[in-house]
Amino acid sequence: MSPRVRLAVLGLAAIAVLALMPLIGLQALPVSVLGDPRGTDPAAVIFWQIRVPRVMAAFIGGAGLALGGAVFQAVFRNPLATPYTLGVASGASLGVALASRLGLSFVVVGLSTNVAAAFAGALLAVGVVWALTKLRPDLSSTILLLAGVAMNFFFSSVILFVQYTASLGDSYRIIRWLMGGLGAVDMRTVIHMAPVVLVGAVVILWRARELDLLATGPEIAASRGVPVARTRTILFLATSIMVGGVVAGCGPIGFVGMMAPHICRLLVGPNHRTLLPASILFGGAFLAVCDTAARIILAPAELPVGVITAFLGAPFFLWLLVRNARVGSNS
Amino acid sequence: MAEPAILVDGLDIRFGETEILKQVSFTVGRGEFVAVIGPNGAGKSTLLRCLDGIIEPTAGRVEIGGRAIEEYNRRELARDVSYVPQPDAGSLDYTVRSFVEMGRYPHVTSWAALTEADSQAVIEAMNLTGVAELAGRSMASLSGGERQRASIAAALAQGGSILLLDEPTSFLDYRHQVQILDLLDRLHDEKGFTVVAVTHDLNSTVASADTVLALKNGGVERSGPPSDLLDEKVLAEIFDADFKLVAGGHRGMPLVLPARNET
C-alpha cells in the first residue's frame, strides 16, 4: 500500500471514529436523536449537547497535540521533542494552579479564568525557550530540550508549593485539572479551540516541505533554499499557540503529542506532506477513542482521559527508547 | 573577461570575540575546481558556509555570478549554488529518492507535485551519481560512500552550476574515496561545474584541482596551481609539519607523505 492509500484509510477510520464515538455511552440512545439536533428531550440533549461537542473537542485537541509533536520532532531533530517536553503543559498547569490558589476570577475575550490562565502559562513557558534561542542562537536542540526539562521541574515545584499552601478544595481542583480531561467541555470549548488549531494547522501544513528539509539538518535546509531562522520562528510560534489553546481547553493531556507522530511515521513514512495529515487524523481519532474509554470504563464515574493516554503512552515511550538504543540513536 | 563564478573580497568573519576569517580575498572562475586546504581551525568550513550564504560575513563582500550574495533570496541562491556539508546525524528515515527530490525545493511550491522537469532533474542527478538503483532504499541503510553520493545527487538536483563540498572524501574507505573523486572529476571536466572542495586529501583531491587555496589562521596563506603548492617547503609552512614528496601521484603530481621523525 502506498503512503497515500494508507493516509486515505486513516482518513476513513477517523471519520468512522467521529461518527461512532458519540453513540457509545452508558445511556443507550434511540436512533431518532440523530435527526433532532435541537431536540429538548434528554436523549437528544445528551447526544447533541454533551457527547458530540466532547468527541469534537477530543478530536481537535488530539489533532493539535499530534501535529505539534510532529513539528517539534522535525524542527528539533529529536524523537522526544514535543511542546510538552519544552514546558508548554507545565506552564499552563502553573497558570491554572496560581489562578485557583489566588482565587482569581475573570473573563478575557470570552475565555474563562482557567482557560485564560492556562494559555498565559503555556505562552510564558514557550517565551522562555524562545528567549533562549534568541539570546544564544548556537544552542543545540539537545540543550534546549534539557532547558525544557529543567523548566518542567521548576514549574512542577512551584505547582507543588502552590498546592501545599492551598486549601483542600483548591488543591483538589488543581489536581483534577492536572490529570487532563474533557469532562467539562461543551460547545464553547470547541468554539474556542477550533480556530486556534485550524489556523495553526494551516500555517504548519503549508510548510511540509520545509519540515522535511529541517529534519535532515539546518545546513542542508538552508542550502536548498529554506530561510531557516524565519521558518523555525513561524513554526515554533504557530505550534506553541496551537498547543497552548488545546491545553487551555482540555488540560495537560500527555503522550498524544509524542506518540501519534511516531506511529504515523511507521504507517505512512517520514515525508511531512503525508505525515502531518496522518498525525492530525490519528491524534484526533486516538484521543476521541481514549476519551470514550474514559467515559465508560468506570461508568457512571469518569476517568480523566490523561490517565488513559499516559497509561498507553508510557509503555510506548519505553519501547521507543529501547528501539532507538538498538538501531543506534539517530538524534 | 567573463564574470567570475565566485568573488570574495576582504572577507572578515567574527563570532563574538573570536576572529575566524580575516581579509580573505580570492576569485573562482566559471568551471574552475578549487581545493581549499589548511590546518584544522583555519576557517575552511566557515568560508564554505559563507559562500552559500549560511553565515553572514562580519565585513567584506561575496559575489556569486557578479551579484552580491545578500541580494539573492535563499531560493534564488539555491538555484545557483549547492552545498554538500559534512555528514551529520540528520533524520535518515527518508528514501534516497525522497532525499534527492528535496533538492528540487527551490523550484517547487509548497503543495504542488513535482513537475516533469523536476522528475527529470532528479533522475539525471541519481544517474550521474550512480544512486538510481538505491532510489527505494532508506538513507539510514546506505554505506558512507553511498550516502555521500546521494548527498551530492540532492545537491545536483538543485540545478545550479556551483558545487561546494566540505571534506567530501573524509570518513570513506579507499574504494568509496575513488568513486567520489571520479564523480567530482566528471562533474568538473565533462559537465562544467564550478567546484569548491574543502579537503585534507593532499594527494587525490588537490591533484584534481585547477587551483589550491591554502588557509591558515583565518587568512589566505598561499594560492596557486597544485604544482606550486605541492612542495615540501610550502606545505611545511602551511601545516607547520614536515612532509616528504615522492613521484608517481595522480595527474603527474607528486605524492605527499607526512614525514615522521625516525629517531
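## Helix α5 of chain B and its cover

What covers the buried residues of α5(B) includes β6 (81-84), α3 (96-101), α4 (116-129), β7 and α6 of chain B. This is a predicted model. Helix α5(B) is mostly covered, with 11 of its 14 residues buried. Among them are R147(B), Q148(B) and R149(B). The buried set also includes S151(B), I152(B) and L156(B). Several alanines are buried here too, including A150(B), A153(B) and A157(B).

The length of the helix fits expectation. At 1.5 Å a residue, the 14 residues of α5(B) should span 20 Å. The end C-alpha atoms of α5(B) are 20 Å apart, which agrees. Just after the helix comes G159(B), with a positive phi of about 85°.

## Strand β8 of chain B

Strand β8(B) covers residues 194-198. All 5 of its 5 residues are buried, so the strand is largely enclosed by the rest of the structure. The cover lies on both faces. T194(B), V196(B) and V198(B) are buried on one side. V195(B) and A197(B) are buried on the other.

Two strands pair with β8(B), as follows. Strand β3(B), residues 33-37, pairs with β8(B) in the parallel sense over 4 bridges. There, V34(B) stands opposite V196(B). Strand β7(B), residues 162-166, also runs parallel to β8(B), joined by 5 bridges. In that pairing, T194(B) is the bridge partner of I162(B).

## Helix α6 of chain B

A helix links this topic to the last. β7(B), helix α6(B) (residues 174-189) and β8(B) make a right-handed β-α-β unit. Helix α6(B) has 16 residues. From first C-alpha to last, α6(B) reaches 22 Å, close to the 22 Å expected at 1.5 Å a residue.

Which residues of α6(B) are buried? They are I180(B), L181(B), L184(B), L187(B) and H188(B). Seen down the axis of α6(B), the buried residues fall within an arc of 125°, so they line one face of the helix. The face turned away from that buried side carries the exposed residues R175(B) and D189(B). The buried residues of α6(B) pack against β3, α5 (144-157), β7, β8 and α7 (204-208) of chain B.

## The antiparallel sheet of chain B

Chain B also holds an open sheet of 4 strands. The order is β2-β1-β4-β5, with antiparallel pairing. Strands β2 (18-28) and β5 (67-68) stand at the edges, each with a single partner strand, so one side of each is left without a neighbour in the sheet.

Strand β1(B) is joined to β2(B) by 7 bridges, and the two run antiparallel. V8(B) has F26(B) in β2(B) as its bridge partner. The hairpin of β1(B) and β2(B) has 2 residues between the strands. In this hairpin, G16(B) takes a positive phi near 60°. Strand β1(B), residues 6-15, also pairs with β4(B), residues 59-64, in the antiparallel sense over 5 bridges. D9(B) stands opposite R61(B) in β4(B).

Is T27(B) buried, exposed or partly exposed? T27(B) is partly exposed, with 15 other C-beta atoms within 10 Å.

Leaving aside neighbours within four places in sequence, T27(B) is in contact with P4(B), I6(B) and L7(B). T27(B) and L7(B) are 20 residues apart along the chain. Their C-alpha atoms are separated by 4.5 Å.

## Where chain A meets chain B

How many residues of each chain are in contact with the other? The counts are 21 residues of chain A and 23 residues of chain B. On the chain A side, α8 (208-216) and α9 (218-224) each supply at least two residues. The largest share of that side, 6 residues, comes from α8(A). The residues of that side divide into 9 nonpolar, 6 polar and 6 charged.

## Helix α12 of chain A

Helix α12(A) runs over residues 272-296. At 1.5 Å a residue, its 25 residues should span 36 Å. The end C-alpha atoms of α12(A) are 35 Å apart, which agrees. 21 of the 25 residues of α12(A) are buried, so the helix is largely enclosed by the rest of the structure.

Terms used:
Residues are numbered from 1 along each chain as its sequence is written. Chains are lettered from A and ligands numbered from 1 in the order in which they are written. This is a predicted model: local features need pLDDT of at least 70, side-chain atom pairs count only at pLDDT 80 or more; totals for chains, interfaces and linings use all residues. A residue is buried if 20 or more other C-beta atoms lie within 10 Å of its own, exposed if 12 or fewer, and partly exposed in between; C-beta atoms are placed from the backbone. Two strands pair if DSSP finds at least two bridges between them. A crossover is right-handed if, with the strands pointing away from the viewer, the path from the first strand over the helix to the second runs clockwise. The expected span of a helix is 1.5 Å times one less than its number of residues. The arc is that of the directions from the helix axis to the C-beta atoms. Two residues are in contact if their C-beta atoms, placed from the backbone, lie within 7 Å. Ala, Val, Leu, Ile, Met, Phe, Trp, Tyr, Cys and Pro count as nonpolar, Asp, Glu, Lys and Arg as charged, and the others, Gly among them, as polar.
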